[in-house]
Amino acid sequence: MNTIVAGNWKMNMTLPEGRDFISGLQEYLQGKNLKSQLILGVPFIHLPLSLGASEAGIYLAAQNCSEHSSGAYTGETSAQMVQSTGAEYVILGHSERRQYFGDTDEVINQKIKEALQQGLKPIFCVGEVLEERQQGRQEKVVHTQLERGLAAISPAQMEQIIIAYEPVWAIGTGETATPQQAETMHWSIRKHLSELYDLHVAEKTPILYGGSVKPENAREIFGMPNVNGGLIGGASLKLDSYIQLIELAEETV
Ligand code: PGA
């Protein structure tokens, strides 16, 4: 499976900054034939940049979408609107959405269904908080998030889904899960997918690791057998470090 290098800009980057980043990346990619797959999770305002970017092999993701299809929901953005920009992906269930915006497992499940219906590919995030890990409950917590978030999602729909394991204690803290901790959880997620679906789904679903991935630790993390790439926040905001991450991913494909 090709390594996926997915950035998550969160609430950063003005329109000109985003344009500069993407045109710098397009320039870097000229004449290169990468094996890894590049995705950038950007604020909604940048999504129209998809049109030029995908030709260069840069795919854009929204960082959220509404669980509703359309209507009187002031300030919301629908999956169909995201899809109409040319974006292919949408990050759903990120821990910051769960923590600050009330995205419950049930809401996330509705958003995943709505995204799939509109032809978007969800990057579905799961992960435990520190206390749950200290109590040794991390696998149980993540399995429950998977069961609820993927409720009534068919094996065929699973082909459109990427899972991102992001231990909440490692997000933006500078503290990373050890490659072994990541591998253990990724293996456990795959095993659980084989129970919820079948071996084919378990093997084919990309599982990204997220939480303080940076050029200094990415080689080891990307090299783990059940890690198919990264969802990268802070280190995706600077073009040079994002490029370094792409180069490390290329070594592991
Ligand atoms: P971080 O964020 O790389 O800055 O820890 C990762 C994420 O939240 O997706």
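User: What share of the contacts in the protein with a separation of 6 or more comes from residues 24 or more positions apart?

Analyst: This is a predicted model, and in it 73% of those contacts join residues 24 or more positions apart. A contact here requires heavy atoms within 4.5 Å.

User: Why is Tyr89 called buried?

Analyst: The cut-off for buried is under 20% relative accessible area. Tyr89 has 5%, therefore it counts as buried. Of the 253 residues of the protein, 54% fall in that class.

User: Where does Tyr89 lie, and which residues does Tyr89 touch?

Analyst: Tyr89 is in strand S4, residues 89–92. Beyond four places in sequence, its contacts include Gln37, Ile39, Tyr59, Leu120, Ile123 and Ile162. Gln30 is 59 residues from Tyr89 in sequence, and their C-alpha atoms are 23 Å apart.

User: What makes a set of residues a nonpolar core, and which members of the largest one touch the most others?

Analyst: The members must be buried, be of the listed types such as Leu and Ile, and be joined through side-chain atoms within 4.5 Å. The largest core has 63 residues, and Leu25, Leu40 and Ile189 touch the most other members. Helix H12, residues 239–252, supplies the largest share of this core, with six residues. Leu25 is in contact with Leu40 and Ile58, and also with Leu239, Tyr242, Ile243 and Ile246, setting aside neighbours within four places in sequence.

User: Which residues does the second, separate core include?

Analyst: That core has twelve residues, among them Ile123, Cys125, Ile162 and Ala164.

User: How many helices and strands are there, and which helix holds Arg97?

Analyst: There are twelve helices and eight strands. Arg97 is in helix H4, residues 95–100.

User: Which residues is Arg97 in contact with, leaving aside its neighbours within four places in sequence?

Analyst: The partners of Arg97 are Gln63, Asn64, Gly102, Asp103 and Lys111. Arg97 and Asn64 are 33 residues apart along the chain, with 8.2 Å between their C-alpha atoms.

User: How far apart are the mean positions of the positive and negative charges?

Analyst: The mean positions of the 19 positive and 30 negative charges are 1 Å apart.

Definitions and conventions. Residues numbered from 1 in each chain as written. Predicted model: local features only at pLDDT ≥ 70, side-chain atom pairs only at ≥ 80, totals over all residues. Heavy atoms only, no water. Buried < 20%, exposed > 50% of the residue type's maximum accessible area, 1.4 Å probe, protein only. Helix = DSSP H or I, 4+ residues; strand = E, 2+ residues; numbered from the N terminus. Lys, Arg positive; Asp, Glu negative; His and termini not counted. Charge placed at Lys NZ, Arg CZ, Asp CG, Glu CD.
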